[in-house]
Amino acid sequence: MALKKATQTAALKQILKKCSSFGKNENGLPNDVPKGHFVVYVGENRSRYIIPISWLTHPEFQSLLQRAEEEFGFNHDLGITIPCHEHDFCTLISNF
C-alpha cells in the first residue's frame, strides 16, 4: 500500500513539473493559466480546459490521468490529453 502511494505521489509530481511549463511566455509567466492551475485537452477536438491543481487529489481525475499516460504519455510539449469524450469529462468535473 505504501509503495502504491509513493508511486502515485511521484507520478503527480511529474505531472505538476510537466504542466508548469505549459502556456508560458518568454519570461516564464503563464499567458492565461492562473497560478495553481494547469491545462488539459479533452475529446476529439482537443478542447482546452484550465484545471485547478487540487483536482489531482480526486481519484476519478487520477484515473483519467493514468489513462492519459498509458495512451499518450507525458513526454510531449502539447499538454496533457485526456482520452475521453468531452461530454463525459464535463459530467465528471461538474461533481468536483
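**View 1. Parallel pairing of strands β1 and β3 in the predicted model.** Val40 has Ile80 as its bridge partner in β3. Three bridges connect β1 with strand β3, which comprises residues 80–82, and the two strands pair in the parallel sense.

**View 2. The hairpin formed by β1 and β2.** Strand β2 covers residues 47–52 and runs antiparallel to β1, to which six bridges join it. Four residues lie between the two strands of the hairpin; in the turn, Gly43 adopts a positive phi of about 85 degrees.

**View 3. The open three-stranded sheet.** Strands of a sheet pair through backbone hydrogen bonds, in either a parallel or an antiparallel manner. Here the strand order is β2-β1-β3 and the pairing is mixed. β2 and β3 are the edge strands, each pairing on one side only. On average, neighbouring strands of this sheet are turned by 40 degrees against each other, direction ignored.

**View 4. Helices α2 and α3 and the sheet strands.** Helix α2, formed by residues 59–71, lies across β1, β2 and β3 and runs at about 110 degrees to β3. Helix α3, spanning residues 86–93, packs on the sheet and touches β1, β2 and β3; its direction makes about 20 degrees with that of β2.

**View 5. Burial of strand β1.** Strand β1 consists of residues 37–42. Five of these six residues are buried, with relative accessible area under 20%, so the strand is largely enclosed by the rest of the structure.

Notes: Residues numbered from 1 in each chain as written. Predicted model: local features only at pLDDT ≥ 70, side-chain atom pairs only at ≥ 80, totals over all residues. Heavy atoms only, no water. Buried < 20%, exposed > 50% of the residue type's maximum accessible area, 1.4 Å probe, protein only. Pairing = 2+ DSSP bridges. Axes fitted to C-alpha atoms, helices over the stretch in contact; angles between N-to-C directions. Contact = heavy atoms within 4.5 Å.
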